[in-house]
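Trainee: Please take one part of this model and go through it closely. I would like a single connected account, with the terms defined as they come up.

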Amino acid sequence: MKSWLTTTDHKRIGLLYFWTAFAFFLIGGVEALIIRAQLAQPNGHVVSAETYNQLFTMHGTTMIFLALMPLSASFFNYIVPLQIGARDVAFPRLNAFSYWVFLLGGLFLNASWLVGPLFHAGMLNVAPDGGWFGYANLTERPFSPGPNIDFWVLGLQILGISSLAAGFNFIVTILNLRAPGMKLMRLPTFTWMTLVTQFLVITAFPVITVGLVFLMFDRFFGTHFYIHEAGATPLLWQHLFWLFGHPEVYILILPAMGIVSEVLPTFARKPLFGYTVVVYSGILIGFMGWGVWSHHMFAVGLGPIADSVFAATTMLIAVPTGVKIFNWVATLWGGDIRGTTALHFAVGFIAMFIIGGLSGVSHASPPADLQQTDTYYVVAHIHYVLFGGTIFGLFAGIYYWWPKMTGRMLSETLGKWHFWLQFVGMNLAFFPMHFIGLLGMPRRIYTYPPELGVAQLNLVSTVGAFLIGVSVLLFLYNLVRTRSRGQRAANDPWGGATLEWSIPSPPPVYNFSVIPTITSRLPRWHTERHKAMQDPPATPPAPIHVPGGSWWPLVAALGLPVMALALLTHTLWIVFAGVALLLFGIYRWAFEPFEV
Amino acid sequence: MLLLSHPVPPPRPFRLRLLTTLLAISGCAGPYPQSTLHPHSDFARATDVLFADIVWWAAVVFVLVDVMLLVTLVRFRHRPDRPAPKPTHGHTIMEIAWTLAPAVILVFVAVPTVRTIFATAGGAPADALKVQVIGHQWWWEFKYTDLALTTANELHIPAGKPVRLAITSADVIHSFWIPPLGGKRDAIPGKTNYIAFRADSTGDYSGQCAEFCGTSHANMRLRVIVESDSEFGAWAQNQLASPVVPPKASLAEQGKAIFSRSACIGCHTIQGVSPGTIGPNLTHVGSRATLASGLFPNDSAHLASWIADAPAMKAGAIMTRMKPPLTDADIAALVAYLQSLK
Amino acid sequence: MTHAGTAHHTSMGLDSRKMAFWAFIGSECLLFGSLISTYLVYKGRSVVGPYPHDILNIPFTSVSTFDLLMSSLMMVLALAAVQRGDMKWGKIWLLATALLGLVFLGGQVIEFTEFVHKGLTISTNLFGCTFFVLTGTHGAHVAVGVLWLLTLFVRALQGKLERANAMTVEITGLYWHFVDVVWIVIFTVVYLIQ
């Protein structure tokens, strides 16, 4: 227990990220199922309007900040140092700090489900209820007087600190801790996409932080950043939010694209087609992601010129995305394709993501978007991108790397069941939403009248959602079963080309008994120009010193929710307690002996 | 006003029928009062044409890529006798080709897009009927600028005539949307957005708020009644008339007295009776078909329960229960009075 | 203050902590960029006074600005001293940097107090909101810097800061100069261009 609380080992932190994020994924999933139960038929009465608004807000917030991002982070942590031939990340204790801040931020946000009585709310749940996009001025104190939005504003700021700290850490790790010979253009694609993602994180999160700080000051200290009576405009929030929000979409999808670019070559036994193009298109997507934010605001009335410009930039970003898809298909072409579960999910990613990409083009066109934005058509779009895309990609990664992370093989039979159930479930759940939206059902409504004519389609969607639920339970069973009954994994069960497959599964605490020297982009594969590398010896030739754990990242992290609690309860002295805890943790951290 | 408008709707070309046909096949026959796929104005038709174009391009790309993917998966599936694959690393000409191909398709989407953006930007001829639309939590206020006329939740407009809506909000951000008549525009406090359109034919269309605006966002609906010129003229004239004065000693007169001495007057306007502006104008409330922004039919039973306890019928409704509560007799009198205000 | 992977050879030949700090500074640019943009977007949109020209005391703030610039000079001297192993002057310059930082903070306290007396609080108008949040965020950065510098000074007094720790002082300097540069931008945007 103590060793887990104080761990600074990137592999253990990766597993902590995985299990925590997976637990939040289940919570977000249950929220989704309650939403679908409510909408299964017109005039649903499963939950009240207030609870429904909390459910969809927390479903979005949870899935994005507490499930998908940290599930990616689990692979950044576990896999990236292995792929670049490093012993750990650049700042192991900062890494632990990121994890603890994430955990505490997630718990803080979710505590809002249970603490209503403490705020005399008249109901148990006082969860955030302004949507994951939290548009001002609805989120201002006069329109949202309860603690709901306070939880959201403070929780997201805490989570932002976690992401930023991890961002600095992984940028330095990838740039600075590469094994000898691992040039940038020899980095595995997943590591490349991680690097691009981290640059997006450290540039996008400060912008949302500023937006949240303004909202916090408006709610607690009487400023008027989003109040038009004072001369301000609530649209400032939308600009700040989407300046963050669109890069955030790529923060969510690029790691999954990186995973797919690892899985396809391994199971086609063929190098990634157009590696350079795939890498550069990823970088290009990262840059262009900054120039498209106003396509979330076509109905705001920015004027025809701004609408045209943002339509053009948005359509342009489809080009590098399309290029990736063609390169993936070309990777499979001429290969020897083994239909493992990981490959199923990676191919599923391509097939589903393209639907999301194409519907994306339809709302890149502002006049068409005026009919689609804020309807279920957009709900369909984001779920094809984030479920059909990101989650399929992440599952591909889980089936691919789970043997490396735990030393046990997941059941392929259960895996295929999981894939097909989830594939059918997601298409049943999300495809009808295109029509539901086009027939005029807005999103974020807790009830709809039968006259709308969308009852049957909604019922189908609900059935699909529950099918996804079953598939996830099946996956959970597979995980649990594998712990005891899974087949032992060899160093390299799949015939992978990258460094993580050259060491035992799970790797020893020092990762590499000898740091390898890299001479090619596919070090473990024999190609025309390069011989396959020799795997490091099973036992290190000389003892390797591994740094011990530290309590102080956890202590420092605890300071943040305490500070948030001070605002939540309007109690000044708690702020000082939080700051003191944070400073105490940081000072002990800075001055403790921690050698490599 | 749109340059591409037609006074009479043209027959729907085949390419526009794809989605509606799919719907029919799936067993969903309609009618769809809030459908974007059944346009009834020049604005809605322009977006529909554009969307149909995009759907066709998307369908072509989707089929091409997925067929390619499936063929690859089947043709190159693992076989024990398959020799080791050739380690191809890339192909410059192919990379250029599949960079250019989507770019060219996007040009075909972008050009009509920009044309439609400018055509639907909200400009209208000077003689257009001008209406100010004000979003409130959770109902719609309509002020006919040139007619000095105010009503709520049911917008009457003449068919075939240009209409220009100036959209804003009294509290939080809403979004005004009647799908069969055109795309939505946000109602933003401190800002005015415009949409303009010409409805094809008479009919009764529904719409609702599309931007999440709080507890009862789902219940912020509206109706648009498109009428012939003469019907619209008659409606407007009736709305401009002074409110009905209930006959002496009638139940309605009692209702008027109760209305005048209770909290009602703080929020509602009845011309010559009360000046409130927080809630809907009730001068001609009896002439409206629905209550509570399109949620219920405007009949005695619903009106009575609405007056007694609005939040029980519409979550979060700002009109709370009266303190001390109204008696049943009071409510019956109020209902009689309000219903008399045709 | 040793960290895994710092003192050893790195792929880019740049100290890992220093690289992390450059990334941090890049991130901070976006933070201050958003705050300054907001100030500019909302400039002249206050519906009630006091307005900037009623209240900003440019001569006073010019002195503060000069003070902060001087602190950057002290920081340069401190780093140079530590790098050549002259811990006596290293201590003196570190303390001087911290004290000039404190003087700047004192100036900000005086300025804020005066503004409040003249009727400008954080909730008075949009100018108040944007001004106090922008300069307050900067002030918080200065305060963190002062705390950091004083910590180094105490470590030096204890004899625990040596020539071998020059990188720590260099990174502190990086932060301090960045905070200084941000102030130059704020001073120009808020005080000089009205």
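Mentor: Helix 15 of chain A is largely enclosed by the rest of the structure, because 12 of its 17 residues are buried. Buried here means that 20 or more other C-beta atoms, placed from the backbone, lie within 10 Å of the residue's own; 12 or fewer makes a residue exposed, and anything in between is partly exposed. Helices (H or I, at least four residues) and strands (E, at least two) are DSSP runs numbered from the N terminus. This is a predicted model, in which local features need pLDDT of at least 70 and side-chain atom pairs count only at pLDDT 80 or more, while totals for chains, interfaces and linings use all residues. Residues are numbered from 1 along each chain as its sequence is written, and chains are lettered from A and ligands numbered from 1 in the order in which they are written.

The buried residues of helix 15 of chain A include W552(A), P553(A), L554(A), G559(A), P561(A), M563(A) and L568(A). They pack against helix 1 (2–5), helix 4 (92–111), helix 5 (148–176), helix 6 (189–221) and helix 16 (572–591) of chain A. Contact means that the C-beta atoms of two residues, placed from the backbone, lie within 7 Å.

The length of the helix can be checked. Its 17 residues, 552–568, should span 24 Å at 1.5 Å a residue, and the end C-alpha atoms are 25 Å apart, which agrees. The expected span is 1.5 Å times one less than the number of residues. Just after helix 15 of chain A, H570(A) takes a positive phi of about 55 degrees.

For the wider setting, consider the nonpolar cores. A nonpolar core is a set of buried Ala, Val, Leu, Ile, Met, Phe, Trp, Tyr and Cys residues joined through C-beta atoms within 7 Å. The largest has 310 residues, and those with the most contacts inside it are V260(A), V263(A), A346(A), F349(A) and A396(A). Leaving aside residues up to four places away in sequence, V263(A) touches A342(A), L343(A), A346(A), A396(A) and Y400(A). A second, separate core of 18 residues includes A252(B), C264(B), L291(B) and L341(B).

F142(B) has T151(B) as its bridge partner in strand 3 of chain B. Four residues lie between the two strands, and A148(B) in the turn has a positive phi of about 50 degrees.

Notes: Two strands pair if DSSP finds at least two bridges between them.
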